[in-house]
Each structure stands twice: as C-alpha cells, then as structure tokens.
Amino acid sequence: MTLQPTFQIEMLNFHYGATQALHNVSIDIMPREITALIGPSGCGKSTFLRCLNRMNDTIPDTEISGRIRLEGRDIYAPDADTTELRQRVGLVFQRPNPFPQSIFDNVAFGPRVLGTVSGRNLQELVEDSLRGAALWDEVATTLTSPALSLSLGQQQRLCIARLLAVKPDVILMDEPCSALDPIATTKVEELMRQLKEQYTIVVVTHSMQQAARVSDKTGFFWLGELVEFDETNTIFTRPTVQRTEEYITGRFG
Amino acid sequence: MHLSRYQTERIAFMVIGSATLLTVAPIIIVISAIFISGAEAISWEFIVEMPRDGMRAGGIWPAIVGTTYLAIGTGLISVPLGLGAAIYLSEYARESAWTRTIRVAIVNLAGIPSVVYGLFGLGLFVLFLKLGSSIIAACLTLSIMTLPVIISTAEEALRAVPQSFRVVSIGMGGTRWQTIRRIVLPQAMPGILTGVILGLNRAAGETAPILFTGAAFFLPRLPSSIFDQTMALPYHLFVISTQVPGMPLQIQYGTASVLLVFVLTMNILAASVRSWQRRKRQW
C-alpha cells in the first residue's frame, strides 16, 4: 500500500529580491511523520518551511516558482485560499510568543477569530487543546492567569495548544526549542512524538541531536539546495553525500 | 576665572534646576490664583443656572452643556475618521511616496493656528455647505483641528504592538481585519484613548475655531438641535472678560475655574490611562 504524501513539493525556487534562497527543491512529506530539516544558518530551511503555509507572502519583493501540493491541491494556485491553508498548516515560532492575555484566552484565540465554536464547546476545545499539548495538568487550575507568567517551556507548549485549537492537519515548527533549556526541550520533543500520531510535523532545527532523536525523515539543506533527504537513520549512519556527512559529524556549519 | 569640574557641575545643576522650577511655578501660580479668586463665585447655582442680567448674574449652565456637546460631537466625528486613517497608515498602507505625503500633511495640519481652522470652517461648513453657525459646523471645524493629534497618536500606538502578534494571528488563518480587531486594536487601545482624550481636550478649550462657526455670544437656553448655536466655556470666558462692561470679577474667575477643572480632569484622565497601560503592558 502506498500512502499519499501530505505535501508534494516540485522544483521549488524562492527569491528575496536578487538573492535566490531556494534552488529546485523537490521533496515529499509523508503524513503522520516528523520530517526534520537541518543545515547551517541561511541555508534556506526556514524559508522553505514558510513556503508551506505561504507565510512568505507578506514579505515584499519575493518571488516563488515551482509547485507545492497539499493533498494533491496546489496551494499557490490563483484560487487557493491562504487563510484556510494557514488554518490547516500551522506554524510554531522560534521564540514562544503567547499574547499578553490569560492562558484560556490564548488557546481560545483561534476558534474565536475563526468563529468556529463558542460557549461550552469552546471550554472543551480549550481543554482538549491543552491536553493535546501536554500542558493541561500544569495549568488546569490557573486558566485565567496571564500566559506570560508561565515558564518559557510552558509558553511554547501553550503556543502549540493555541495552534491545536484551530484543528490543523500539519504543524510546522521553526526551531521550536532554540529558546528553551534542556528539560523544557525534552518535554517539547516528547510532545512532538505524541503529536505525530495525529499530525504531520515538519521541524526546522539547529540541533542535529534533536533531528536524530525525534524525526522519521531528515533533509539536509546547504546554500538553498536540498542536498540529501532520506530516513533519519540512514542520514545519520550512512549518508550518501560527502557534504551531509561533513555537516552531521560537525566538520563545518 | 577657571572653574573646577566640581564647580561647573554645581552651576549646571543649579541652572537646569531653576529652569525646571521656572516652568512649573507659573502653572501652579496661575491655577491657584484662578481657583482662589473664582472660589466665591462657584456654587451649585453658578453651575446649573442660566445667566441673568446680561450674564452679570446667574450661572453658566448653557456654556458647560455647550462645551460638553462640542467635545462629544467632535469625538463622534474625529475618532472614527482618525482611527480609520491610523489603521490604514499603520496596518494596510505600504511605505511609499503617497503615505509619506499623507504623514507630512498630518504633521503640517497639527501646526496650523487655530484661528485659521476657524476661518476655514466659516468658509466651508458655515457658508459653502450652508450649515450656518451651528453646533454641527463647530464640531466639524474642531474635528479637522483634532484629527492630526488623534491620527498620529493612534498610529504610534498601533505600531507599538509587536509584529509577532500579527504574524501569529495571520499564521493561524486569521484575516488582516480579524487580526486588527482581535489583537492589534485591543492591545493599542490605551494609547489610542490617550490621544483621543488629549485631542478632545484641545477641542474643548479652543475659542478661535468656534468663534465664527457655532459659538453664541449669549443664549440663555440650551441648544435644541445640532443646527442651533451654542454657548461654550472658552468663548463665554472671552466674552465676559472683554465684551461686557461692569462684569463682576468673581464670575470671570469662576468661569475660568470651571473651564480649568474641565480641561484638567481630561488631562488627568489621559495621564492615568497612560500609566495604567504602562503597568498592564507586558511587551
């Protein structure tokens, strides 16, 4: 049985003005897997991630070519709905960025904006989302206290809960642990493993250990090109390209 | 004479210290002089009664009501317009020659003397649009004067909201407008409110813009519609100080006190909104 990929990316090119950030990237991202993207700073992995929910659209003077299909549908088609896309493909940022509101209001933000649920259902949705982000047990009694009083690690899981509340299919994570200490990082990684039961996850990370620990597939970016993409196990034990081996063994980058 | 560093320091400290004192002292002296001289005129009757004897006796109720009407009317016109413009400039417009021109225009608008607004209002609203000398014409004139203050403070307050809040909301499938309404506006609200209060405060205290557009010399009744003229505190004060012979001094001071209370209350309100916002804000 062959599974239909969640994302099919073909010959993706991306330019910031005159600078080309991505060169002919082609990759399939499979459902209910964690795909890790590694590579040195400025290699294009974050740019690539943001192409997947069109967050680059807001940056002026950029140009994109190639094709990205989400479950068969071209997300850059002229009639594609970006707001619906971003609801299905959510983004977790590098720094935890909860709103200066209560914990409850943070999680309820998306459903309220989208007008999907209200009242009792909203309470249940908030609880489910917090459970989904493995945060419920820590905040169940303090839902009305300010989100910014949480620790950074809890804030990051709150941001994940905020995302889960709009019921996405795909979760993109842009170095989600780079602002966190090792214990908080471990918790987020555990959470990622739980989340992949239900969601497709693409994570950009600077930590090769993290990629090795959590991901199923790993892609190595170098100067805007996808140098190698394979099972994480293969990438970290028997990489086929010399550059990949040099990077993961720490000889550069 | 050569001074040591220590002496220079002391002299500099004294000079700037007395400069500060000199700016604060007149305010305190003026305010207390007016309140002390006005105190005997102030009574419940002075506030809520109509003027009598050619304004030489009775109260100043119509002027108080009139100034309140003018402030509210100006707010109703200038707040939606100003806020709309600020949202456009901060959230929608991309930086271009066009937006730069708008900003220059706003800054220049803020620098125009208020009497010029008055004459402009006379020409446009009173005569050309045939609104006559009326509350509505005065409010429109005051609104034009107030708009630059409201637009620039509101735009500043909107821009101060961290970009990441917008990105999160957009990234979750919110539209630009949903993002503004649910996140940006609520976060910017205290700053916007401060600007609105300061703007309306100026509108309430000005004489020149309403001189030709809606202020009545003497009208011993409350205005019955927005096309009526109205008395107003600043203009009333001007009239009784310069135009009415045999005017009892304490009534003049009493009127000045009421106007001051009006304006100071709004200033204090603006200041407390600002400090409340600073304490509340976590970004």
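This is a predicted model: local features need pLDDT of at least 70, side-chain atom pairs count only at pLDDT 80 or more; totals for chains, interfaces and linings use all residues.
Residues are numbered from 1 along each chain as its sequence is written, while chains are lettered from A and ligands numbered from 1 in the order in which they are written.

**Chain B overall**
- Chain B has 11 helices and two strands, in the order α-α-β-β-α-α-α-α-α-α-α-α-α along the sequence. Helices (H or I, at least four residues) and strands (E, at least two) are DSSP runs, numbered from the N terminus.
- Its C-alpha trace covers about 70 × 70 × 35 Å along the principal axes of chain B.
- Of the 283 residues in chain B, 41% are buried. Buried means 20 or more other C-beta atoms within 10 Å of a residue's own, exposed means 12 or fewer, and partly exposed is in between, with C-beta atoms placed from the backbone.
- Take the contacts in chain B with a separation of 6 or more: 77% of them link residues 24 or more positions apart. A contact needs C-beta atoms, placed from the backbone, within 7 Å.

**The sheet in chain A**
- Four strands of chain A make an open, antiparallel sheet, ordered β2-β1-β4-β5. The edges are β2 (19-29) and β5 (73-74), each pairing on one side only.
- Strand β1 (residues 7-16) of chain A runs antiparallel to β2(A), with seven bridges between them; strands pair if DSSP finds at least two bridges.
- A:Ile9 has A:Ile27 in β2(A) as its bridge partner.

**A:Ala211**
- A:Ala211 sits in helix α8 (residues 208-214) of chain A, and it counts as buried because it has 25 C-beta neighbours inside 10 Å.
- Leaving aside residues up to four places away in sequence, A:Ala211 touches A:Ala36, A:Ile38, A:Thr205, A:Thr218 and A:Thr232.
- A:Ile38 is 173 residues from A:Ala211 in sequence, yet their C-alpha atoms are 7.5 Å apart.

**Where the chains meet**
- The contact involves 16 residues of chain B and 19 residues of chain A.
- On the chain B side, α7 (163-171) and α8 (176-205) each give two or more residues, and α7(B) has the largest share with six residues.

Conventions
Two residues are in contact if their C-beta atoms, placed from the backbone, lie within 7 Å.
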